[in-house]
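Hello,

I am passing this structure on to you, and my notes follow below it. Please have a look at it first, then read on.

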Amino acid sequence: MMSKKMRLGVFLMGAGHHIGAWRHPKAAADAYESIDFYRQVALLAEKGKLDMLFISDALSLTEKSHPSELVRFEPLTLVSALAMTTAKIGLAATASTTYNEPFHIARKFASIDHLSNGRSAWNIVTSYYEEEAYNFGDLPHPPHAKRYERAAEFVEVAKKLWRSWERGAVIRNQQTGIYFDANKVHAVNHKGKYFSVKGPLNASALPQGEPVLIQAGSSTYGTKFAARYADVVFTAQQHLRGAKRFYRNLKEQVAAAGRLPEEVLVMPGISPITANSKEEAEAIYEELQSLLDEETSLAFLSDYLGKVSFSRKQLHQPLSIADLPPTNGNQSRRDLIVELASREQLTVLQLARRVAGARGHHIVCGSPTQIADVMETWFREKGADGFNLMFPYYPGLMETFIEQVIPILQQRGLFRLDYEGETLRSHLGLHEHQV
């Protein structure tokens, strides 16, 4: 029996990750702003003993945005509501360090950690959509390197704020009239390049000490940031060879940063389509592909590649890498998509249809045993410590996975039979921060 356990999150994204998901007859087309839907899938994830729910975010949209990103709940508001419905599963919400202030974010995650009794996680992003800048004044979107520089100081300030109340500082002794111990509450007095924050935070010590910190990005700056701050890294990997390379490189950077490699979990996204056979699963995938809107798929690809305008003639030709413009957007995803096009010699239209399925994440079609086999191979061969599950449509494909794949992983000793702790850090096998 294997002692190390696989970690599993589920990436919730309205009706599904496939661009055509909302049109599928078994998808919840009105999921995007339905708390009943999110409550249903949260309870389903908890029934499957998954580690956490993962909610993404962006602060802008266009008329060609992914349907699951056009209208949606603000993540911290959503996980606050789900904290009241669930009891064990972790709650990961995305928040940008480019268009927020550290005091606000530190306070909100402190509140969620208290509300949920220690189940909060912060997916730290620097905002790669340039359109987000237009919602916050007239300044241009900061360059990639500057965004990560600001993110590092942002997280340092948040950490100081979470430590500003020592554990045991709140006394509330009704007989003595002593409410708190002022010697255990500390000002932050941070003055840096981007922020000036006095503190302390108006929240007592968090149940987890601090939220689980997630970093989603695989660029040079992103992995350097992750090695220093992250507990979990969410990454897109197309194949095991690349996943193993990323895993090895990141763990080496973690060690170079003075941390233990096992303190940072690598969880690639995976988009599983489970059916009675591989042929049936592939038929589901082709059914979803038949629901794609070509213009939206091409706009989606264009955005990742740096806002390229494709002519009708180019759609049926291989992607010309030499013609791609520089981008201030998602660097690592663009590299992954370019590599995919080159490796499989895809035309622009074929590439757009592939990216529409799971935005460059690994799509796996198969029987429950075949899906479990792929996950076990990546896990045992050090391509992953676990996965962020990205179902093409919800809730049907998620139900099948929970009912048919999770039991196989449990029988193989790869996944927990039940929750053994109360906090997200305990689920993930991470140490709790002392304050």
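In which kind of crossing does helix 1 pass helix 3? The crossing of helix 1 past helix 3 is right-handed; a crossing has that name if the near helix is turned clockwise from the far one by less than a right angle, and is left-handed if anticlockwise.

A word on the background before the rest. This is a predicted model, in which local features need pLDDT of at least 70 and side-chain atom pairs count only at pLDDT 80 or more, while totals for chains, interfaces and linings use all residues. Residues are numbered from 1 along each chain as its sequence is written, and side-chain values use heavy atoms, with hydrogens and water left out. Helices (H or I, at least four residues) and strands (E, at least two) are DSSP runs, numbered from the N terminus.

Two helix pairs

Helix 1 (residues 35-47) and helix 3 (residues 75-85) have axes 10 Å apart and pack at an angle of about 55 degrees. That makes helix 1 oblique to helix 3. Axes here are lines fitted to C-alpha atoms, for helices over the stretch in contact, with angles from 0 to 180 degrees between N-to-C directions. Under 35 degrees counts as roughly parallel, over 145 as roughly antiparallel, 65 to 115 as roughly perpendicular, and the rest as oblique.

From helix 1, the contact (heavy atoms within 4.5 Å) draws on Ile35, Tyr38, Arg39, Ala42 and Leu43, and from helix 3 on Leu78, Ala81, Leu82 and Thr85. By class, these residues are 7 nonpolar, 1 polar and 1 charged. Ala, Val, Leu, Ile, Met, Phe, Trp, Tyr, Cys and Pro count as nonpolar, Asp, Glu, Lys and Arg as charged, and the others, Gly among them, as polar.

The axes of helix 4 and helix 5 cross at roughly 50 degrees and come within 9 Å, so these two helices are oblique to each other. Their crossing is right-handed. Here Pro102, Phe103, Ile105, Ala106, Phe109 and Ala110 of helix 4 meet Phe154, Val157, Ala158, Leu161 and Trp162 of helix 5. That contact has 11 nonpolar residues, with no polar and no charged ones.

Buried spots

In helix 6 (residues 220-229), the buried residues (under 20% relative accessible area; exposed is over 50%, partly exposed in between, with a 1.4 Å probe and protein chains only) are Gly222, Thr223, Phe225, Ala226, Ala227 and Tyr229. Among the elements that cover them are strand 4 (120-125), strand 9 (212-216) and helix 7 (240-256).

Threonine 98 sits in the loop between strand 3 (90-96) and helix 4 (102-115), and counts as buried because its relative accessibility is 8%. A polar atom of its side chain lies 2.6 Å from the backbone oxygen of threonine 126. Beyond neighbours within four places in sequence, threonine 98 is in contact with Thr126, Ser127, Pro142, Arg147 and Arg150.

Backbone details

Most residues other than glycine have a negative phi, and most peptide bonds are trans. Glycine 199 and proline 200 are joined by a cis peptide bond, with omega about 0 degrees. Another cis peptide bond joins tyrosine 394 and proline 395, with omega about -5 degrees.

Arginine 172, not a glycine, has a positive phi of about 50 degrees and lies in strand 5 (residues 170-173). Asparagine 189 also has a positive phi of about 50 degrees, and is found in the loop between strand 6 (178-180) and strand 7 (190-191).

Best wishes

How values were computed. A polar contact is a pair of N or O atoms within 3.5 Å; within protein, one must be able to donate a hydrogen and the other to accept it, and residues adjacent in sequence count only if both atoms are side-chain atoms.
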